[in-house]
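Visitor: I have a model open and would like to walk through it with you. Can we put it on screen and start?

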Amino acid sequence: MALETSRQWQAAITAWASSKQAQKLAQSTKQQLAKQLNAFANYQNDKSPWAITKQDANQWLKTTTTTPASFYHRKGALRNFYRWAKAQGRVTQNPIDDEQHPLAAPIPTGWQTPLEQFSIWQKAKGHSANTIKKYKEKVSQLANETGATTPWQLDTKDLAEWIGRHEWSRETSKQARTALRTFYSWATKTGQTTTNPALDVEPVKTVQALPRPASENAYRQALAKANPRVTLMLRLSAELGLRRGEVAGLHSSDLNPDSTGGYWLDVLGKGDKRRPIPVPIDLATIIRQRPKGWLFPNGKGGHLSAYYV
């Protein structure tokens with residue numbers, strides 16, 4: 001590698017590493033990512049880090065990786081680096097990020113039947129539709145990002161590194177670990193595999209988070225700018241204390257009158273548990289004026305997702 005190009009790469013990787021320090025990325029994870037980036041830099045010979053194309057990245061990934069896990073690790077390092085570079089204005093396009101998002105990508109063939117059977121098993125155990133959906137999304141993301149042709153190719157190290165390489169919140173990492181442990185527990189119980197690689201994935205250290213409620217001023221400003229639909233979302237959350245998933249799943253039939261002339265909202269919460277909540281008359285009137293069906297339809301026969309709300 002030419003001296004000037006080498007200096008460009010080292011300066012870029014050093015600057016990227018400093019930004020990860022500010023984000024409190026684990027030292028071991030940062031070292032692994034830097035190792036992959038240095039390997040990529042050496043492979044590129046005289047090419048500047050800001051002149052890399054999608055073809056350059058794909059060629060390196062295809063010619064230097066031998067296992068699904070190593071492919072994922074190297075691809076993840078490049079994605080992380082070039083997302084930082086794009087945010088810093090050093091490149092205008094991320095050569096890794098122009099691919100389909102893992103959640104939108106089709107599930108690999110070798111994972112389809114196990115995932116379908118896993119979802120059926122969850123439903124039989126009484127898991128909520130939301131839990132079934134979330135677990136399927138996480139396992140599908142694992143399948144697409146690691147490149148493993150079946151779930152049984154991955155070991156404990158692969159699963160732990162997959163979780164660790166994402167810059168998720170602690171809660172999201174915890175949810176991912178739970179999804180994998182539940183999936184592989186089902187697989188061993190039903191004879192799909194003889195070993196459970198998720199069993200020894202270390203638990204995610206949790207920290208009691210402080211509540212971050214919106215200020216009264218912020219709430220009033222949001223109301224002033226909101227359209228009628230968003231106004232209803234805001235009021236349901238602020239005045240009734242509903243979670244975003246509870247707001248998203250409300251149906252016109254959930255509003256019921258009582259014997260005193262007031263109204264109650266039958267809310268479906270976590271674990272498919274319902275609870276009645278009294279509704280102010282003016283808010284009940286707005287709900288009654290909405291079309292019959294989902295309060296927040298998605299245009300496809302269902303309701304908006306919690307993420308959208």
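Visitor: Which residue in E3 is the bridge partner of Asp 266?
Guide: The bridge partner of Asp 266 in E3 is Pro 276. Please keep in mind throughout that this is a predicted model.

Visitor: How do E2 and E3 pair, and over how many bridges?
Guide: Strand E3 covers residues 274-279, and its pairing with E2 is antiparallel, with six bridges.

Visitor: And how many bridges join E1 to E2?
Guide: Three bridges link E2 to strand E1, which is made of residues 255-257, and these two strands also run antiparallel. Within that pairing, Asn 256 has Trp 264 of E2 as its bridge partner.

Visitor: What sits in the hairpin of E1 and E2?
Guide: Five residues lie between the two strands there, and Gly 261 in this hairpin adopts a positive phi near 95°.

Visitor: Which residues of E2 are on the covered face, and which on the uncovered one?
Guide: In E2, residues 263-268, the covered face carries Tyr 263, Leu 265 and Val 267, whereas Trp 264, Asp 266 and Leu 268 make up the uncovered face.

Visitor: Changing topic, is Thr 193 buried or exposed?
Guide: Thr 193 counts as buried because its relative accessible area is 16%, and the cut-off for buried is under 20%. Its place is in the loop between helix H8 (170-189) and helix H9 (216-225).

Visitor: What is Thr 193 in contact with, leaving aside its neighbours within four places in sequence?
Guide: With those neighbours set aside, Thr 193 is in contact with Trp 152, Ala 187 and Thr 188.

Visitor: How far does H6 reach from its first C-alpha to its last?
Guide: Helix H6, residues 129-146, reaches 26 Å with its 18 residues, which is close to the 26 Å expected at 1.5 Å a residue. Just after H6 comes Gly 147, which takes a positive phi of about 80°.

Visitor: Which residues in H6 are buried?
Guide: The buried residues of H6 include Ile 132, Tyr 135, Val 139, Leu 142 and Ala 143, and among them are also Lys 138 and Glu 145.

Visitor: Zooming out, how many helices and strands are in the protein?
Guide: The protein has twelve helices and three strands, and buried residues make up 38% of its 309 residues. Its C-alpha trace spans about 80 × 50 × 35 Å along the principal axes.

Visitor: How many positive and negative side chains are there?
Guide: There are 43 positive and 24 negative side chains, and the centres of the two sets lie 2 Å apart.

Notes
Residues numbered from 1 in each chain as written. Predicted model: local features only at pLDDT ≥ 70, side-chain atom pairs only at ≥ 80, totals over all residues. Heavy atoms only, no water. Buried < 20%, exposed > 50% of the residue type's maximum accessible area, 1.4 Å probe, protein only. Helix = DSSP H or I, 4+ residues; strand = E, 2+ residues; numbered from the N terminus. Pairing = 2+ DSSP bridges. Lys, Arg positive; Asp, Glu negative; His and termini not counted. Charge placed at Lys NZ, Arg CZ, Asp CG, Glu CD. Contact = heavy atoms within 4.5 Å. Expected span 1.5 Å × (residues − 1).
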